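Please read the points below with the model open beside them.

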Amino acid sequence: MKAGDRIGDISGVDEAGNRLVLSDLLAKGPLVVFFYPAAMTPGCTKESCHFRDLAAEFAELGTSIVGISADAVERQAEFSAKHTLGFPLIADTDRAIATAFGVRRRIGPNKRASFVIGTDGTVLARIDSEFAMNKHADEALAVLRAARD
């Protein structure tokens, strides 16, 4: 999945057991979807907490945030509660969503990648970095601000 591609109507279960549907989320405005390898790990915690810390700026742009990993619902719930994340974490245990976005590795955890998605389901940007944790939220905000101007 890259900029210009359109996302199909994907769904998944979040940390509270709710089914989230992409089209429902996009009806509220743009969306940032970030994939992280594993909940509760140092890098994924730093990345997720940076999204949390910038949540008000995303909200000002009418944008929702969703995190996704292959962790189970219970692990996602523990991760969200421990760090008071405030946005949904999808438990993509079969990695079907990761496959659809092209971030599933054959072996090991999913790639760390973020996607800025417009309300029509078009990917506005793909952000890749395995080690620059803050890059994902920072670049997503920059893309959203540029699209607004």
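1. Which residue stands opposite Leu-31 in E6? Ile-117 is the residue in E6 that stands opposite Leu-31. Strand E3 (residues 31–35) and E6 pair in the antiparallel sense over five bridges; two strands pair if DSSP finds at least two bridges between them. Helices (H or I, at least four residues) and strands (E, at least two) are DSSP runs, numbered from the N terminus.

2. A note on the source. This is a predicted model, in which local features need pLDDT of at least 70 and side-chain atom pairs count only at pLDDT 80 or more, while totals for chains, interfaces and linings use all residues. Residues are numbered from 1 along each chain as its sequence is written, and side-chain values use heavy atoms, with hydrogens and water left out.

3. The sheet is open and has five strands in the order E5-E4-E3-E6-E7, with mixed pairing. Strand E5 (89–91) and E7 are the edge strands, each pairing on one side only. From one strand to the next, the twist averages 20 degrees.

4. Helices pack on this sheet. H2 touches E3, strand E4 (64–69) and E6, and its direction makes about 165 degrees with that of E3. Helix H4 (residues 73–83) touches E4 and E5, and its direction makes about 160 degrees with that of E5. Contact means heavy atoms within 4.5 Å. Axes are lines fitted to C-alpha atoms, for helices over the stretch in contact, and angles run from 0 to 180 degrees between N-to-C directions.

5. The largest nonpolar core has 22 residues, of which Val-32, Tyr-36, Phe-51, Phe-58, Phe-87 and Val-116 touch the most other members. Such a core is a set of buried Ala, Val, Leu, Ile, Met, Phe, Trp, Tyr and Cys residues joined through side-chain atoms within 4.5 Å. E3, H2, E7 and helix H6 (135–148) each supply at least two residues of this core, and the largest share, four residues, comes from H6.

6. Not counting residues up to four places away in sequence, Val-116 has contacts that include Leu-31, Val-32, Val-123, Ala-140 and Leu-144. A second, separate core of 20 residues includes Ile-10, Leu-25, Ile-90 and Ala-98.

7. How many salt bridges does the structure hold? There are nine salt bridges, each defined as a side-chain nitrogen of Lys or Arg within 4 Å of a carboxyl oxygen of Asp or Glu. Side chains of opposite charge can pair when their charged atoms come close.

8. One of these salt bridges joins the side chains of Glu-47 and Arg-112 (2.6 Å, N to O). The pair links distant parts of the chain, 65 residues apart: Glu-47 is in helix H2 (residues 42–53), and Arg-112 is in the loop between helix H5 (96–101) and E6. Glu-47 counts as buried because its relative accessibility is 0%, and Arg-112 is buried at 6%. Buried means under 20% relative accessible area, exposed over 50%, and partly exposed in between (1.4 Å probe, protein chains only).

9. Asp-120 and Arg-6 also meet through their side chains in a salt bridge (3.8 Å, N to O). Asp-120 lies in the loop between strand E6 (113–117) and strand E7 (123–128), and Arg-6 in the segment before strand E1 (11–13), 114 residues apart. Asp-120 is partly exposed at 46% relative accessibility, whereas Arg-6 is exposed, with a relative accessible area of 56%.
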